[in-house]
Amino acid sequence: MIEIQRERTPADLLPAINRLFNISAGKIRSLEKSWSPASGAPVFTAEGRYTARGWTEWTECFQYGSALLQFDATGDREFLELGRERTLTRMAPHLTHMGVHDHGFNNVSTYGALWRMAREGKINADDWEVRFYELALQVSGAVQARRWTPIKDGGFIHSFNGAHSLFVDTIRSLRALALAYRLGHRLIEEQDAQVNLLSRLLQHARATATYNVFSGASGSPFDLRGRVAHESLFNVANGTYRGPSTQQGYSPFTTWTRGLAWAMLGFAEQLEFLSTLPAATLADLSAGDSTEWMLDAARATCDFYIDVAACADGIPYWDTGAPGLATLGDWASRPADPFNDREPVDSSAAAIAAQGLLRLGRFLNTRGQNGGRYWQAGLRVVETLFDPNGAYLSQADSHQGLLLHSVYHWPNGWDYVPPGARVPRGESSQWGDYHARDVAVYLLRIAKNEPYLAFFGPSLTHA
């Protein structure tokens with residue numbers, strides 16, 4: 001359980017955030033100098049050097065998106081030009097990638113970041129450049145929405161495992177649908193059938209809240225409020241739910257903590273997005289209660305992270321039911337130990353979760369509700385991750401990663417285990433590094449009273 005101990009403010013973390021971006025610049029340059037795009041996308045480090053793991057190349061966006069975040073934080077145009085050039089020359093295939101559920105990662109982190117900064121006035125972009133980014137985002141949202149499995153009470157964007165598979169990760173890909181919708185786009189199916197992208201966004205979010213996030217109401221011993229299933233399985237012949245599953249967690253009946261973090265951040269961001277829409281828009285879709293059930297899912301997952309999944313310092317182990325945790329005693333009441341030899345921690349889950357906690361806390365505060373518990377928990381997690389005397393910030397020039405002790409796919413044995421150890425430690429991942437920078441920019445803007453960081457940028461008038 002996270003121990004808050006004292007109240008913190010974003011301003012308190014400014015020295016650590018500035019230090020992080022000073023270190024980050026060298027990491028981005030090192031990877032850019034050593035990495036050949038012909039090798040695919042960098043995924044995670046082994047002995048401090050980034051390596052590929054050919055699968056869907058879903059991490060390429062984080063490499064270029066990190067450069068754009070570095071510019072956002074520092075104003076150093078070297079990183080803007082790097083991120084923009086690589087987005088234009090490398091990311092186009094991701095726009096029409098029909099086989100993945102990752103559009104909200106791939107294209108919102110690159111094209112979306114450039115579009116957002118142009119609208120914020122952080123970069124100079126003429127009308128044609130902005131329209132180019134908008135077209136890319138419209139295409140990405142429609143392509144993502146096309147991966148659709150209908151079920152009895154709506155539908156969902158299915159994972160690359162197939163039409164039967166609903167991943168909790170995909171809640172973050174709803175950003176692609178949100179942007180395409182706000183840009184006035186729609187999906188046109190067979191026989192010119194018109195598909196409302198907001199409707200699909202809401203249906204997918206509702207399916208995730210219903211089937212991937214546990215409510216604690218059934219009485220089942222595994223039905224703990226806020227626990228998350230990585231994957232939900234359906235019978236595609238008639239749309240019925242069959243049960244939980246997992247790909248990267250320990251079991252269907254435990255919680256893979258990065259999946260939990262994706263849900264925390266995904267629901268919080270969509271709550272922010274829905275708050276920009278006219279009430280009549282949701283009423284027209286018979287979705288006037290969307291904020292209510294989405295807020296319940298966000299609260300439940302964030303509460304579970306604070307009370308069950310995280311250690312006292314805010315860092316989780318990779319799965320709440322990992323068998324080796326039983327040998328670590330009362331692990332939740334003390335700081336996480338990334339150097340133990342039983343189960344790995346996952347700092348990338350912490351970086352993602354921190355932003356979910358912060359966004360939910362702010363969302364509640366701005367609506368007259370008490371979001372302090374979530375806000376302070378998020379700041380506690382960030383303080384731990386960015387502590388210059390702690391275990392998680394990679395400060396050695398020889399190590400290309402930024403955030404240490406990240407885990408990718410431990411059940412498959414893909415993560416690097418150093419000689420003499422039994423579990424992964426000391427390595428980084430592209431998504432962990434990216435989300436460390438992402439939450440740092442988020443807090444940096446708040447501390448400096450700059451425009452609030454949201455994937456949809458300044459408010460738009462929907463066409």
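These legends describe close-up views of one predicted protein model.

Residues are numbered from 1 along each chain as its sequence is written, and side-chain values use heavy atoms, with hydrogens and water left out. Because the model is predicted, local features need pLDDT of at least 70 and side-chain atom pairs count only at pLDDT 80 or more, while totals for chains, interfaces and linings use all residues.

**View 1. The whole chain.**
The protein chain has 15 helices and 9 strands. Helices (H or I, at least four residues) and strands (E, at least two) are DSSP runs, numbered from the N terminus. The radius of gyration is 21 Å, close to the 23 Å that the globule rule gives for 463 residues, so the chain is as compact as a globular protein of that length. That radius is taken over C-alpha atoms, and the rule is 2.2 Å times the number of residues to the power 0.38. Along the principal axes, the C-alpha atoms fill a box of roughly 60 × 55 × 45 Å.

Of the 463 residues in the protein chain, 62% are buried. Buried means under 20% relative accessible area, exposed means over 50%, and partly exposed lies in between (1.4 Å probe, protein chains only). The chain exposes about 17000 Å², and carbon and sulfur atoms supply 50% of that area. Accessible areas come from the Shrake-Rupley method with a 1.4 Å probe; for residues, only the protein chains shown count as cover. The chain carries 42 positive and 48 negative charges, and their mean positions are 1 Å apart. Lys and Arg count as positive, Asp and Glu as negative; His and the chain ends are not counted. Each charge is placed at NZ of Lys, CZ of Arg, CG of Asp or CD of Glu.

**View 2. The nonpolar cores.**
A nonpolar core is a set of buried Ala, Val, Leu, Ile, Met, Phe, Trp, Tyr and Cys residues joined through side-chain atoms within 4.5 Å. The largest core has 137 residues; Phe273, Tyr305 and Phe386 touch the most other members. Helix H10 (residues 257–274) gives the most to this core, with 11 residues. A second, separate core has 6 residues, including Ile151, Ala207, Tyr211 and Phe234.

**View 3. Around Phe273.**
Contact means heavy atoms within 4.5 Å. Neighbours within four places in sequence are left aside for Phe273. Its contacts are then Ala178, Tyr181, Arg182, Leu198, Leu201, Phe455 and Phe456. Across the protein chain, among contacts between residues at least 6 apart in sequence, 70% join residues at least 24 apart.

**View 4. His399 in a loop.**
His399 lies in the loop between helix H14 (372–386) and helix H15 (430–447). With 12% relative accessibility, His399 counts as buried. Beyond four places in sequence, its contacts include Lys27, Thr45, Gly48 and Glu427. The C-alpha atoms of His399 and Glu427 are separated by 8.7 Å, with the two residues 28 apart along the chain.

**View 5. His409 and Pro411.**
His409 sits in the loop between H14 and H15, and Pro411 is found in the loop between H14 and H15 too. His409 is buried, at 3% relative accessibility. Pro411 is partly exposed, at 42%. Leaving out residues up to four places away in sequence, His409 contacts Trp55, Gln247, Gln248, Trp414 and Asp415. On that basis, Pro411 touches Gln247, Gln248, Gly249 and Trp318. The C-alpha atoms of Pro411 and Gly390 are separated by 27 Å, and these residues are 21 apart along the chain.

**View 6. Glu60 in helix H2.**
Glu60 belongs to helix H2 (residues 60–74). At 5% relative accessibility, Glu60 counts as buried. Not counting residues up to four places away in sequence, Glu60 touches Ala41, Arg90, Met91 and His94. Thr110 is 50 residues away from Glu60 along the chain, yet their C-alpha atoms are separated by 9.7 Å.

**View 7. Two residues with positive phi.**
Most residues other than glycine have a negative phi. Gln5 is not a glycine, but its phi is positive, at about 70 degrees. Gln5 is in the segment before helix H1 (14–34) and is exposed, with a relative accessible area of 61%. Asn449 has a positive phi near 55 degrees. Asn449 lies in the segment after H15 and is exposed, at 72%.
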